[in-house]
Number of protein chains: 2
Amino acid sequence: MAVEAESLELENFIPYRLNRLADAVSREFARIYKDRFGLTRPEWRLLATLGQYGTMTATDIGAHSSMHKTKVSRAVTALERRKWLIRETSETDRRIENLRLTKSGSAAYRELVPLARQFETRILQGMKDSDRQSVLAGLAALEKSALGG
Amino acid sequence: MAVEAESLELENFIPYRLNRLADAVSREFARIYKDRFGLTRPEWRLLATLGQYGTMTATDIGAHSSMHKTKVSRAVTALERRKWLIRETSETDRRIENLRLTKSGSAAYRELVPLARQFETRILQGMKDSDRQSVLAGLAALEKSALGG
DNA sequence: GCGATTTTGTTGCACTCGTAACCATCGAGA
DNA sequence: TCTCGATGGTTACGAGTGCAACAAAATCGC
């Protein structure tokens, strides 16, 4: 039997709790964009980023959505194959590709946004107001501490 | 440019924020057990669970630490190969294997626990008291809402 | 008892991921 | 103009993952 003083309560350990939560929430949310459109998570993120910001380069998207550049690259290829986005090589710097959603891509995005909002609402509803505030304040504090926020 | 009313602010979207946080925190924490012992995440979780609870079966560990049974199975194989745990087939039910740490396994666990505590402290320190409380209350509220908590 | 079902744990397979190496292009400086 | 380092993006490869199928053992129902 473990000696209490020397053991670690995993269920109270913040990295573990964060992981478990993110895993469960992601998995459930993924059902929405996966069932409806067969998107992967990186593809959803790419769609969401382009839907929000309009035109961006792959590097910018990676920095902004916390995805490794290979993930972005593969997601771009996938959405391009679907004809949901187009690349336009920059006139002034031919290394750069400006990405933006096509009509079909925008349509999919507009269809997903309310589902995403609804999903988030479902998580937050049923909480006390004070808990909702704790969630937001807690996430912000963790981001400030763990990311460069 | 995206129309505000129809777009989703990814950086305020809870599933995204959770994922990004968990990813960053995990990645950083993984450096500790990876650099020191070459453990993978499932292996660390297995070690931590056995260290905390003493003896368990693979199924119990999976349920308790939120790992798929194949993850557990592979982690068990890996730690067994290191001679950090032993399996003892139950006398009364020969499907079941009771797992427990060996002396070397326990030693590694005892070496990792303070590093884990220290890591968590580093995340929380520098926060205002109220923020620390928000983190704990927020995690608890999310767990209750998103897991079966 | 005895066949059907359930439970415990493992393995084959296809897919995803990050690292590192790579190609193409750009900008700075000699 | 000609390198050389930096930058944008892609790809080969090894490691990790979940699903589904599986074997072995236990339990249920008759």
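**View 1. Elements of chains A and B that supply the surface near DNA strand C in this predicted model.** Helix 2 and helix 4 (69-81) of chain A each supply at least two residues, as do helix 3 (58-65) and helix 4 (69-81) of chain B. Helices (H or I, at least four residues) and strands (E, at least two) are DSSP runs, numbered from the N terminus. Helix 4 of chain B gives the most, with four residues. In total, 19 residues surround DNA strand C. The closest are Arg94(A), Thr57(B), Ala58(B), Thr59(B) and Ser73(B). A residue is near a strand if its C-beta atom, placed from the backbone, lies within 6 Å of it. The surface has four nonpolar, seven polar and eight charged residues. Nonpolar covers Ala, Val, Leu, Ile, Met, Phe, Trp, Tyr, Cys and Pro; charged covers Asp, Glu, Lys and Arg; the others, Gly among them, are polar.

Residues are numbered from 1 along each chain as its sequence is written, with chains lettered from A and ligands numbered from 1 in the order in which they are written. The model is predicted: local features need pLDDT of at least 70, side-chain atom pairs count only at pLDDT 80 or more, and totals for chains, interfaces and linings use all residues.

View 2. Two or more residues come from each of helix 3 (58-65) and helix 4 of chain A, and helix 2 (41-53) and helix 4 of chain B. Helix 4 of chain A has the largest share, four residues. By class, the residues divide into four nonpolar, seven polar and eight charged.

**View 3. The open sheet of chain A.** Three strands run in the order 1-3-2, with antiparallel pairing. Strands pair if DSSP finds at least two bridges between them. Strand 1 (56-57) and strand 2 (85-89) stand at the edges with a single partner strand each, so one side of each lacks a neighbour in the sheet. Strand 1 pairs with strand 3 (residues 97-101) over two bridges. Met56(A) has Leu99(A) in strand 3 as its bridge partner. Helix 2 (residues 41-53) packs on the sheet, touching strand 1, strand 2 and strand 3. Contact requires C-beta atoms, placed from the backbone, within 7 Å.

**View 4. Chains A and B superposed by rotation.** A rotation of 180 degrees with 0.0 Å of shift along its axis superposes chain A on chain B (RMSD 0.1 Å). The two copies are thus related as by a two-fold rotation axis. Superposition is by least squares on C-alpha atoms of residues with pLDDT of at least 70 in both copies.

How values were computed: Contact = placed C-beta atoms within 7 Å. Axes fitted to C-alpha atoms, helices over the stretch in contact; angles between N-to-C directions.
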